[in-house]
Amino acid sequence: MQIHSTTFAERLAVLQQDLVKSSLTEIKHGIERETLRVKPNGSLAQTPHSELFGSALTHDFITTDFSESLLEFITPPETSADVSLSQLQDLHKYVLTHMGDEKLWPMSMPCFISNQDDIPLAQFGTSNIGKMKTLYRQGLKNRYGSMMQAISGVHFNFSLPDGFWQQWINKTSTDEVNKDSISAGYFALIRNYRRFCWLIPYLYGASPALCSSFIKGKTTSLPFKKHGKGTCYLPYATSLRMSDLGYTNSAQSGLDICYNEVNSYIESLRKAINKPSVTYQKFAELKDGQHQQLNANVLQIENELYSPIRPKQPTKRLEKPTDALDARGVNYIEVRALDVNPFSGIGIERNQFYFLDVFLVYCAISPSEFMQSEQYAETEKNLKAVVNAGRNPDLQLNNEGQLTTLPQWADSLFSEMNEVAKVLDSANHCGDYTQALAVEWQKIINPELTPSARILKALLSTGQDNGELGLSLATSYKNQMLGGDYQLMSGAELLSHAKLSLHKQKEIEAEDDISFDDFLMDYFGNVHETLEVN
């Protein structure tokens, strides 16, 4: 995409035009909230995913992630933050109603888990696609251990409407409006997100502490302090979920995934999927007659790539994500750097929607040069620095070769974002967006207002350890949910969804007419040698 509006001021002026501004009312969001089911004593639940929840394979709103005990709630794309929040609340209430004495863990870092073998892999039924999903998780366990996979997060799905792209591309470039130019616009957003991503764990990171069982037997260079019976913490950390202890993959560091254009992204990701790994070759053989992973490549499938943001296109049945992007371009982006908000019973608060809208529109309209690998590495270092020590007053970040403090850089970002917030307020006839920015700015001025500081204060001032605090919050939120009313979907409607999903799963299982090995060969192609039975 060749841009002829090159400065932020010029591009802001385009955003302020009536036809562009009015299109912003059709921004859509969806939420994916992960949470562990726990026993009354705060340890990991061992019960299977209940049929009352529906089929984890086919349910649109309630599924599982890595573990049978790791629930995932999904809301469909909506323009209204309040609608999404109500949907999420209804899903929580329904599940909690049918959980017996179990509770939902309110934190990103897991509860006490004595051994990784206590984390049951998610099960998706007897169909080939169901077996494939579980085998993928077996591969993750073998490669990274199950503890890392028990971490929970919140994913914020965000899309700009076609009407915005029609106006924006026509007014800021010489390109035709099509899937390629829209994808280019989303990748410009993604590059800026990578540049400024450190702001997300600072504002919303809520995992400065963890249960010592999580790092038992692990080697770490992080200078942990100990608290209570079994809590480890870093005094200035914001999101240990995003640290080297959490969602990282050292084997991926040399993949050089390109975020400049959709085609280069697809090409670099496909290359990674087909790149053999010497390390993972040890899992290529059958064990007790069972496969140990989908293949021995650096990435088994696209979803194994750990990234704080992903370009997305809804997939058709059995369609690979890169094939969907190739065929239809980027449809939305998935923000993956959000910790579960422990101060909300549903893991996210209303203000976060409005701030993230401002932040992501700002990323979309700001000048966004292509990134070289050195610049990408700089963004990774900034993110890591904030994750481990974001509230340290001596922390310095690297802004295009210039060292700066976090408040200094945030000041310049908030100044420009405030102009975007004003446009969104005007378009929606409200003050929510500038108000959201004002709330988050207070955290820049006073780090003690950040969720990570509030969690640490709650731990250190009360003497509670991480597990006790988590269980106390889980109990409180369960009581609140059970005592409240459904907002948009009734219990009967959600039970109907569950039954329908179980019926769909049975239909899929009945349709299978080839063996699992043949299914995998078809899915990955005939070069899928690592799954051949010797």
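**Notes on the fold and its cores**

1. Start with the contacts (heavy atoms within 4.5 Å): among those with a separation of 6 or more, 77% are between residues 24 or more positions apart. Bear in mind that this is a predicted model, where local features need pLDDT of at least 70, side-chain atom pairs count only at pLDDT 80 or more, and totals for chains, interfaces and linings use all residues. Residues are numbered from 1 along each chain as its sequence is written, and side-chain values use heavy atoms, with hydrogens and water left out.

2. The C-alpha trace spans about 65 × 60 × 50 Å along its principal axes.

3. Of the 534 residues, 57% are buried, meaning under 20% relative accessible area with a 1.4 Å probe, protein chains only.

4. Now the largest nonpolar core: it has 102 residues, and Leu15 and Phe355 touch the most other members. Helix H11 (residues 350-365) gives the largest share, 12 residues. Such a core is a set of buried Ala, Val, Leu, Ile, Met, Phe, Trp, Tyr and Cys residues joined through side-chain atoms within 4.5 Å; helices are DSSP runs of H or I, at least four residues, numbered from the N terminus.

5. Have a look at Phe355: beyond its neighbours within four places in sequence, its contacts include Leu199, Tyr204, Phe414 and Glu440.

6. There's also a second, separate core of 49 residues, with Leu135, Leu234, Leu459 and Phe516 among them.

Note on methods
Buried means under 20% relative accessible area, exposed over 50%, partly exposed in between (1.4 Å probe, protein chains only). Helices (H or I, at least four residues) and strands (E, at least two) are DSSP runs, numbered from the N terminus.
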